[in-house]
Amino acid sequence: MINNSYLLGLFGGTSATTFSSISTAAPNAAANRQPTPPWSTTVEAPKASDLVRAALGGRKLINEDAAQLDVRSASADYKKLFALYQGLDTLNALTNRAATKGVSSLELSQLDKRFASGLSEIGSWLTSADFDGIRLAQGTAGATSKTTAAVSRDSAVSVTGPIHEGSPDALSPAFAGDVKFNIGIKRSNSDATVSIDLAEMGATPRTLTAVLNHINGKLQAAGFETRVGRELVPVAPKTVTVGGKPVTLPPGPDQFALVVRGSVGETVSFSAGERADAVYVVQASGTTGGQQVLKFQTDTGGTAPDAVARPGETYWVPGRAGQTALPAGVETVRASATGPDGSLWLVADLEAGPGNQPIKGQKDVALMKIDSAGRVVSTQTLGAASTASGYAIAVDADGRVAVAGSVTGALEPGKSGDVAGVADSFVTMFDAEGKEIWTQRRGARAADEATAVSFGADGMVYVAGRAQSAMTGGVAQGGWDGYVQAFSETQAHIYAPVVATSAGVQQFGTNGTDGVDAIAVDGANLYSAGVENGKMIVRHFSLDAGGKPTLVSSRDLGSASGEIAGISVSNGQVILTGTTRNAALDIGTVNTAHHGGTDAFVAVLQGYLAASGQDRLTYVGTAGNDTAADVKVVDGKVWVTGVADRPEGAKETDPTKAYLARIDAQTGAEEWRRDWEGNGAQAAPLTLAVAKDGASILDRLGLPQGEIDQGGSKTLTDATSLRVGDRFYVSGADGGRQVAVTIDARDTLQSLARKIEQASNRKLKVTLTTETAKAQAGDTPSALFAGLQRLTITARDGSTGAMLTAGETGRDALAGLGLSQGYIGATTGEDIIRTFGLNLTGGMNLGSPEAIKASGEKLQAAMKAVRDAYRALDPTTTTAKPVGQAPAYLTAQLANYQAALARLTG
């Protein structure tokens, strides 16, 4: 027999025999302990259009006086919660309006601006709001917070890219032929060189195992601790398309890299006797936005052993010595150059920083150093608070690097330019290790950008670009103007900072659209090239003793119908390259005629720019469209790369083929050329750079030329996107005075940890967490196989924790550290105030469809957090279990169920 009490319990009642009479009004009384929230279905919600109209009209988003409570004794927390919810609802209405199809760009800009100010209003309100029964944080809420920014540890371990495929006891193409190189070992009191010549192995098969035994035997015999081993490289499965459907293939054969295991007391370097010149091409490859660095061994400079294809490389062509994928987050690369040590420097735009180096804004500029083996040595971000783009790079004989481009919003903490939201030109100087020396931001009232940079005598730096209004010291000509500006350096004493000042500016052009695409400095002469009002114009400036430029002459080469790729000076002649549809550029002798469509071109002009019988013009191309993406001139020879023979009218997704060629500028002869395809039939070169004697047998082995640096800078301004003066604030969990934590030039993770603990009045505990190095399939090779260190922040035992608040716009250090603002401490538990994080951080805006979607999702989560906080104010109001005498109809119904069950069970 089934007990009636059990069935009645399923329906929330009790039997008459076990219940003492209680009023059925009790559940209603319980429900009224909390006031009706604005999201209740019984409350008429305001129209979204009314919310948008009021917000754009300037009405405050949060108004506690407007929040209505229908329970007199309700806590004041409810009024605050309801007011906050209405503010979030208004932001949500703005977001939904921005996502509406057909919204004009003007209205979208207004919505974005109001959205930003609304977020700021809510943030300010939360800082001062005083809740009794709960705690709200604008950011996150949790017991632990960890920086995503990390600093690499020192390491004596260096891992190459894959050099061998298959069994380590099988023959390897990397070791075939004349393989000779040197290993340099530097100790504190001595230097030595160990010569490696695989011919000494005699008849022993050159397998990976045997070769490593030979190398290590030589090192041991010389009395060194350094050893060279092998490392199994994880191989990722491949996905191919078959019949229009993706098919995942299992990983291929095992791949092995070399691993150099040094010791703390031994610094290792590699060199080779036979070397050739190398050319690096950075290209966009595939349809997913990936970037690659290709290395080619040329036929000039020496007779190094032939390059071979290495495991995992795709679309190999003879002469290619390496292929390396750039890290995820690199949006594009617009300029590259090689240093005196043979390393490759890239100026890249980042839409996201590396995993251990978050950027502070929406897009930043990074200076990346790549060694001769294609491995990333360092990545130094500019640290822009909003957006920045890099357009040009130059390296001087001492290895110093200058980078130029444009920046919007703050760059130096607290300085957002003459007009916030308008792009300004910038130039930043780095030392040979990639550490920033100085930055100059120069702008007109309207937009401007630096598109070219070059070194001159006595450390002078010359920057060129375009501006929509007068640069400081210049005169606007109307529309976009070209400009050239000089910077000189001073240093009060050896320990004082280097200071850069403007030494003069020239602004020029028409009342149309003008600009400078490239510059070259030759002694006391500066040459610029650009498109001015549709014409291809070359200008010659003289430089006085102080470096100030003065226009001497100019030359109009006719309709551009294309763009300039580069300009150089060789033996007193100006060599100009670019892309054009103009088959009749105004240049004397034509070596090779125009081929149709767009052609690359190489022009030789005299230094004084007047027309001469010695001028030469060579068109490089095919019947289709050919481009010159970048160019370098070495010993009077022109290296040019671009896209070849693209059909007229081809779509963006149609196949593209790349080329690299060396042209004799005087005769137009094509002396060397390689053509190749890319992943997904897409190969589009972006930049090139030439390294004298940069290719050798070491490329086969994945080993770099030169010394392996065992560690980089540990200062936060070098290792992260932080800049001196960036800051954030620490305050008590329930308010109180905010204490600033400001980044100094010498700050490291250790010193920052101490600052945070002191600012929290010892309520927070900050520890240095070490992560071991791990190799993942598809990782971009790094010069060092090193672990990372991060900061982990928790509340001390017995402490209520603390709040982290972002710094002011343009100088927020939390973004550069990869920390979320919000509460750190216990959020639930006995005698713990329930804490809820709204997570209204992370660059929310309405500037793009992706940003609108992300902002909408964050707002929905924040509104849910408010609803959760409402329920937490009185947990007993969750659906109460009814008590009291069950109604007669329910008792009768249960009796029928009981009888039916009795019949079924007999």
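Visitor: Is Tyr85 buried or exposed?
Guide: Tyr85 counts as buried, at 8% relative accessibility. Buried here is under 20% relative accessible area, exposed is over 50%, and partly exposed is in between, with a 1.4 Å probe and protein chains only.

Visitor: Before we go on, what sort of model is this?
Guide: This is a predicted model, where local features need pLDDT of at least 70 and side-chain atom pairs count only at pLDDT 80 or more, while totals for chains, interfaces and linings use all residues. Residues are numbered from 1 along each chain as its sequence is written, and side-chain values use heavy atoms, with hydrogens and water left out.

Visitor: Back to Tyr85. Which ring sits 4.7 Å from it, centre to centre?
Guide: That's Trp39, and with the planes at 50° the pair is tilted. Rings of Phe, Tyr and Trp (its six-membered ring) pair if their centres lie within 6.5 Å; planes under 30 degrees apart are stacked, over 60 edge-to-face, and the rest tilted.

Visitor: Where do Trp39 and Tyr85 lie?
Guide: Trp39 is in the loop between helix H2 (26-31) and helix H3 (48-56) and Tyr85 is in helix H4, so the pair ties together parts 46 residues apart in sequence. Helices (H or I, at least four residues) and strands (E, at least two) are DSSP runs, numbered from the N terminus. Trp39 is partly exposed, with a relative accessible area of 22%.

Visitor: What about Tyr78 and Phe82?
Guide: They form a tilted aromatic pair too, 6.2 Å centre to centre with 50° between the planes. Both lie in helix H4, four residues apart, about one turn of the helix. Tyr78 counts as buried at 4% relative accessibility, and Phe82 does at 2%.

Visitor: Which residues make up the ring cluster?
Guide: Ring pairs link Trp39, Tyr78, Phe82, Tyr85 and Tyr870. The structure holds twelve aromatic pairs.

Visitor: How do H4 and H5 cross?
Guide: The axes of H4 (residues 76-98) and H5 (residues 105-128) come within 9 Å and cross at roughly 160°. That makes H4 roughly antiparallel to H5. Axes are lines fitted to C-alpha atoms, for helices over the stretch in contact, and angles run from 0 to 180 degrees between N-to-C directions. Under 35 degrees is roughly parallel, over 145 roughly antiparallel, 65 to 115 roughly perpendicular, and the rest oblique.

Visitor: Which residues meet there?
Guide: Among them are Leu84, Leu88 and Leu91 in H4, and Leu111, Phe115 and Ile122 in H5. The contact residues (heavy atoms within 4.5 Å) divide into twelve nonpolar, three polar and four charged. Ala, Val, Leu, Ile, Met, Phe, Trp, Tyr, Cys and Pro count as nonpolar, Asp, Glu, Lys and Arg as charged, and the others, Gly among them, as polar.

Visitor: New topic: where's Asp812?
Guide: Asp812 is in the loop between strand E47 (802-806) and helix H10 (813-817), and counts as buried at 19% relative accessibility. Leaving out residues up to four places away in sequence, Asp812 touches Lys360, Asp726, Arg727, Ala806 and Gly807.

Visitor: And the whole chain, how many helices and strands?
Guide: Twelve helices and 49 strands. Buried residues make up 50% of the 906 residues, and the C-alpha trace spans about 115 × 75 × 65 Å along its principal axes.
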